[in-house]
Amino acid sequence: MVDWDKRYLKRDGPLYGDAPNEYVREILARSDFAARSALMLADGDGRNGRFLAKEGLAVTAVDLSEVATERATAADRVAGVTVERIKADLGAWQPPAGKLYESVFLIYLHCDPPTFDRALKCAMACLTPRGWLVMEGFGPRHERRNGMGPSDPAFAYHIDEMLNAADGYEVVEALEGRVLLAEGEGHRGEGRVARLALRRPA
């Protein structure tokens with residue numbers, strides 16, 4: 001298992017850059033996306049949650065790393081935005097009873113399958129009707145180079161499995177393909193990714 005605190009401590013700056021993930025940016029720019037609240041799972045040192053907050057969403061962000069969460073909170077303060085940041089293991093965390101979000105994002109949450117499955121179930125359980133579930137991660141065809149991507153192929157995003165887990169959801173996008181990533185030092189170069197945007201039934 002990756003020691004994320006140690007990995008973040010090796011760098012003085014953001015591991016994946018300051019700019020938000022491009023797919024997150026694309027979802028926010030859609031004419032049919034009107035969510036005003038978001039849960040960002042595995043937000044690392046905060047770039048995506050901070051971007052959503054700058055766009056006016058009420059954001060809760062959860063991450064396993066205490067180092068990353070502290071850095072994210074400090075960067076939020078500098079940016080003049082407020083994000084509720086929680087340091088927690090997604091294998092056990094769940095939001096307070098009755099807490100719902102109009103969107104949930106899982107962006108490059110690569111972890112053991114039981115933890116990912118639990119995080120996905122948690123995401124679906126706390127979505128409002130017609131809420132958005134947005135995911136991007138390295139797919140099974142990704143070839144790991146220069147440390148980019150999970151070392152264990154079991155951690156890949158499998159579109160069919162995720163669609164089966166979200167049976168009944170409206171599929172806005174479900175795509176696999178190649179993208180050129182330029183997200184700090186952590187994601188730089190060509191990656192084969194899976195992208196999904198789903199909406200919970202009314």
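Asp32 is partly exposed, with a relative accessible area of 32%. That value falls between the 20% limit for buried and the 50% limit for exposed. The model is predicted. Asp32 has a charged partner, Arg30, and the two form a salt bridge. Their closest N and O atoms are 2.8 Å apart. Arg30 is partly exposed too, at 26% relative accessible area.

Side chains of opposite charge can pair when their charged atoms come close. Across the whole structure, a search finds 11 salt bridges. The Arg30 and Asp32 pair is one of these.

Another sits within helix 2, which covers residues 22–29. Here the side chains of Glu22 and Arg25 meet, N to O, at 3.3 Å. Both residues belong to this helix and lie three residues apart, about one turn. An α-helix has 3.6 residues a turn, so residues three or four places apart point the same way. How accessible are the two partners? Glu22 is partly exposed, with a relative accessible area of 42%. Arg25 is also partly exposed, at 34%.

Now turn to a pair that spans the chain. Glu183 and Arg47 form a salt bridge, with 3.3 Å between the closest N and O atoms. Glu183 lies in strand 6 (residues 170–183), while Arg47 lies in helix 3 (residues 47–54). The two are 136 residues apart, and the pair links distant parts of the chain. Is Glu183 buried or exposed? Glu183 counts as buried, because its relative accessibility is 5% and the limit is 20%. Arg47 counts as buried as well, at 7% relative accessibility.

Salt bridges can also join into a network. Asp43, Arg50, Asp76 and Arg85 are linked in this way.

Several residues of helix 5 are buried: Thr115, Phe116, Ala119, Leu120, Cys122, Ala123 and Met124.

Terms used
Residues numbered from 1 in each chain as written. Predicted model: local features only at pLDDT ≥ 70, side-chain atom pairs only at ≥ 80, totals over all residues. Heavy atoms only, no water. Buried < 20%, exposed > 50% of the residue type's maximum accessible area, 1.4 Å probe, protein only. Helix = DSSP H or I, 4+ residues; strand = E, 2+ residues; numbered from the N terminus. Salt bridge = Lys/Arg side-chain N within 4 Å of Asp/Glu carboxyl O.
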